[in-house]
Amino acid sequence: MNKVNFLKNGVLSLTGLMLSGCSLLSFDGASEPPPPPEREQDTEEAIFEPEVARQTFKEDEIDTENLEIGLRYGILSIEDFEVNEIVAAQVNYHFIEDLFLSLNYGQATAGQSSYERLSGAAQLLTEDERDYRFYNASVGFDLFPGEVFFGSDYAYNSALYVTLGAGSTDFAGDEQFTLNFGFGFRFVATDWLTLQVLMQNYVFDSTVFGEEKTTNNFELTGGISVFF
Amino acid sequence: MVFILQLGFVSAVVAEDDFMRVKVVTPFLDVHTGPGRGFPKFYIAERGEWLQVMQRKTDWFLVRLGNGKEGWVHREALQLTVDETGEPINIEDPSLQSFINRRWEASMLFGDFSGASSLSVAINHSFTPNIAVEGMFSQMLGDFSSSYKAHINLVHQAFPEWRVSPFVMVGAGIIHTDPKATLIETDNRDDELLLVGLGVRVYLTRYFVLRSDYRNYVILTDLNEDEEVDEWTLGFSVFFN
């Protein structure tokens, strides 16, 4: 009698093991509904239950993505000194849905003025003085937020924004107060990655040619930035 | 062995589903395609529906719906839901009270420093509602020189609970002056400075503050006489609690 029971139990537990194995396989395959769970598994699930349920809502635990850090590259037209490559970096903080604060730093190297080209040897600036560096703090406003579409299957968020700011430009051995304004287009590729095109004008006074004059320096860049 | 495997399976599910869940208890809740008021509503969640809160951008929350799709819900709408324990969820809405209780403040100021344009950044830490310490760094761009200054200010705010709140300050620091290269060469100068100032903060909305002040500096030069300079600034601040 005992021996029979022992065998019976052995067969049952083997079946149990196989069944659990099956249930695991079918979970992985996800092709058919799992067989009804055994009593043993029920107890196990009861132990795991507190781990998954009854979460209280904590505001601090939500991943906030208001900070955007990016790089941009393109052309800068330095008045009287050709169109040059520019590299710039920006940190943007989005306070409310359509307003952001932008801190920018960039640099370029000025080419030659027409005067320098025509005269041959005469140089207005030394190599060091051709370094063009700027920083500014700007406010950006998402003037036309919207969506763009690729074919019929893909929609991405976007915005046409305007910028206005002030900062400093170090060029031709002189630092000048600089106003900047422009507009840009932001393409939100994913929740954390955006692409932009930015067109900005930098206005400052220059005395390179003796008399003081106001210069307009246009930037056209493409950039990529990541939300944190 | 099977249990160990299953344990692994269960915890993998837990890790994947780590977002907080909220339940809609109002008759409906609008879900937008983007984090902005103008983005179209593409889904209306019904009473009893569960949403997973994935991330936040300004006042908008990205949620995953029961059908696996994702959309954006405004803070005000999300505040009408309950969490898994049935408690109404609470999201801080910055107000005048947050401004009064602020601990940190970052400012950007534009101004006039005795004829030169000045650009300043400052970080301010409030120890009590009345007393704060501020670190400020400025660049001044003038016709004859460009200079930098850095100083620490002790700021006293007599009426912290007012929306338009005046303050006074005293400070000390250093100023570095570079004469313009195009002029006759003079040496760069490093001097100490002392200041007194008077200003006002105006709480605008959300985390924004408009701020303006007047400061009078005494620059302790090596020359026979100390230099006295006035500065006016206007700018704005953002605060953090």
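Of the 241 residues of chain B, 30% count as buried in this predicted model. The overall dimensions of the chain can be set beside that figure. Chain B has a radius of gyration of 27 Å, whereas a compact globule of 241 residues would have one near 18 Å. Taken along the principal axes, its C-alpha atoms fill a box of roughly 85 × 45 × 35 Å. Of the contacts in chain B with a separation of 6 or more, 47% are between residues 24 or more positions apart.

The secondary structure of chain B consists of three helices and 14 strands. Eight of the strands close into a barrel, in the order E7-E8-E9-E10-E11-E12-E13-E14, and their pairing is antiparallel. On average, neighbouring strands of this sheet are turned by 25° against each other, direction ignored. One pair in the barrel shows the arrangement in detail. Strand E9 of chain B covers residues 131-141 and strand E10 of chain B covers residues 145-157; the two pair in the antiparallel sense over 11 bridges. Within this pair, Gln139(B) has Tyr148(B) in E10(B) as its bridge partner.

Ser114(B) lies between strand E7 (104-113) and strand E8 (116-126) of chain B. Its phi is near 50°, a positive value in a residue other than glycine. Ser114(B) counts as partly exposed because it has 14 C-beta neighbours inside 10 Å. Arg206(B) is found in the loop between strand E12 (189-205) and strand E13 (208-220) of chain B. Phi of Arg206(B) is also positive, near 50°, and this residue too is not a glycine. With 18 C-beta neighbours inside 10 Å, Arg206(B) is likewise partly exposed; a residue needs 20 or more to count as buried.

Strand E5 (residues 60-64) and strand E6 (residues 70-74) of chain B run antiparallel and are joined by five bridges. Val63(B) has Gly71(B) in E6(B) as its bridge partner. Five residues lie between the two strands of the hairpin, and Gly68(B) takes a positive phi near 90°.

In soluble globular proteins, nonpolar side chains tend to be buried together. The core here has 15 residues, and those that touch the most other members are Val31(B), Leu51(B), Phe61(B), Val63(B), Trp72(B) and Val73(B). Strands E2 (28-32), E4 (50-57), E5 and E6 of chain B each give two or more residues to this core. The largest share, four residues, comes from E5(B). For Phe61(B), leaving aside neighbours within four places in sequence, the contacts are Val53(B), Arg56(B), Trp72(B), Val73(B), Arg75(B) and Leu78(B). A second, separate core has 11 residues, among them Ile78(A), Ala110(A), Phe171(A) and Val208(A).

In chain A, Phe209(A) is placed in the loop between strand E8 (193-206) and strand E9 (213-227). Is this phenylalanine buried or exposed? Phe209(A) is exposed, because it has 12 other C-beta atoms within 10 Å, and the exposed class takes in residues with 12 or fewer.

How values were computed: Residues are numbered from 1 along each chain as its sequence is written. Chains are lettered from A and ligands numbered from 1 in the order in which they are written. This is a predicted model: local features need pLDDT of at least 70, side-chain atom pairs count only at pLDDT 80 or more; totals for chains, interfaces and linings use all residues. Two strands pair if DSSP finds at least two bridges between them. Axes are lines fitted to C-alpha atoms, for helices over the stretch in contact, and angles run from 0 to 180 degrees between N-to-C directions. The radius of gyration is taken over C-alpha atoms; the globule rule is 2.2 Å times the number of residues to the power 0.38. Two residues are in contact if their C-beta atoms, placed from the backbone, lie within 7 Å. A nonpolar core is a set of buried Ala, Val, Leu, Ile, Met, Phe, Trp, Tyr and Cys residues joined through C-beta atoms within 7 Å.
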